[in-house]
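Visitor: Could you walk me through this one? I'd like to take it a piece at a time.

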Amino acid sequence: MAIKTIDVECKNGHLLFGRYVKMKPGFLMKCYIPRIGKDYVGVMGLPVGTDVFCPECKLRVGRIKIVKSIPAVFINHDTVKRIKT
């Protein structure tokens, strides 16, 4: 298993999540909220079903859902820079 620490940016280059711990290889599909090191968006404590927006350019970057009993931001791939590990 390849554990990596990455920064997640919107397609315009604004930092959304810093030091996110990505556990599996492949494309970024979701960000588990407890693994976010630095939250620049403010997703901690938001209710399930809330849309997540870039604080700078107001692009919708995802939606909060529950995955394996853990809250996560499901990424909208058109608005987030493509990350593959």
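Guide: Thr 79 lies in the segment after E7, where strands (E, at least two residues) and helices (H or I, at least four) are DSSP runs numbered from the N terminus. This is a predicted model, in which local features need pLDDT of at least 70 and side-chain atom pairs count only at pLDDT 80 or more, while totals for chains, interfaces and linings use all residues. Residues are numbered from 1 along each chain as its sequence is written, and side-chain values use heavy atoms, with hydrogens and water left out.

Visitor: Is Thr 79 buried or exposed?

Guide: Thr 79 counts as buried because its relative accessible area is 9%; buried means under 20%, exposed over 50% and partly exposed in between, with a 1.4 Å probe and protein chains only.

Visitor: What does the side chain of Thr 79 reach?

Guide: It reaches the backbone oxygen of Arg 60 at 2.7 Å. Leaving aside neighbours within four places in sequence, Thr 79 is in contact (heavy atoms within 4.5 Å) with Cys 10, Lys 11, Leu 59, Arg 60 and Val 61.

Visitor: Switching to the largest nonpolar core, which residues touch the most other members?

Guide: Val 8 and Val 73 do, out of 22 residues in that core. Strands E1 (4-9), E2 (15-22), E3 (30-32), E6 (60-67) and E7 (70-75) each supply at least two of its residues. A nonpolar core here is a set of buried Ala, Val, Leu, Ile, Met, Phe, Trp, Tyr and Cys residues joined through side-chain atoms within 4.5 Å.

Visitor: And what does Val 8 touch?

Guide: Not counting residues up to four places away in sequence, Val 8 touches His 14, Leu 15, Leu 16, Phe 17, Tyr 20, Leu 28, Cys 31, Val 80 and Ile 83.

Visitor: Which charges lie over the faces of Phe 74 and Phe 27?

Guide: Lys 65 lies over the face of Phe 74, at 5.0 Å from the ring centre, and Arg 82 lies over that of Phe 27, at 3.9 Å. The criterion is NZ of Lys or CZ of Arg within 6 Å of the ring centre and within 35 degrees of the ring normal.

Visitor: Where does Lys 58 lie, and what is its phi?

Guide: Lys 58 lies in the loop between strand E5 (51-53) and E6, and its phi is near 65°, a positive value in a residue other than glycine. Most residues other than glycine have a negative phi. Lys 58 is exposed, with a relative accessible area of 56%.

Visitor: What about Ser 69?

Guide: Ser 69, in the loop between E6 and E7, has a positive phi near 65° and counts as exposed at 71% relative accessibility.

Technical notes: A polar contact is a pair of N or O atoms within 3.5 Å; within protein, one must be able to donate a hydrogen and the other to accept it, and residues adjacent in sequence count only if both atoms are side-chain atoms.
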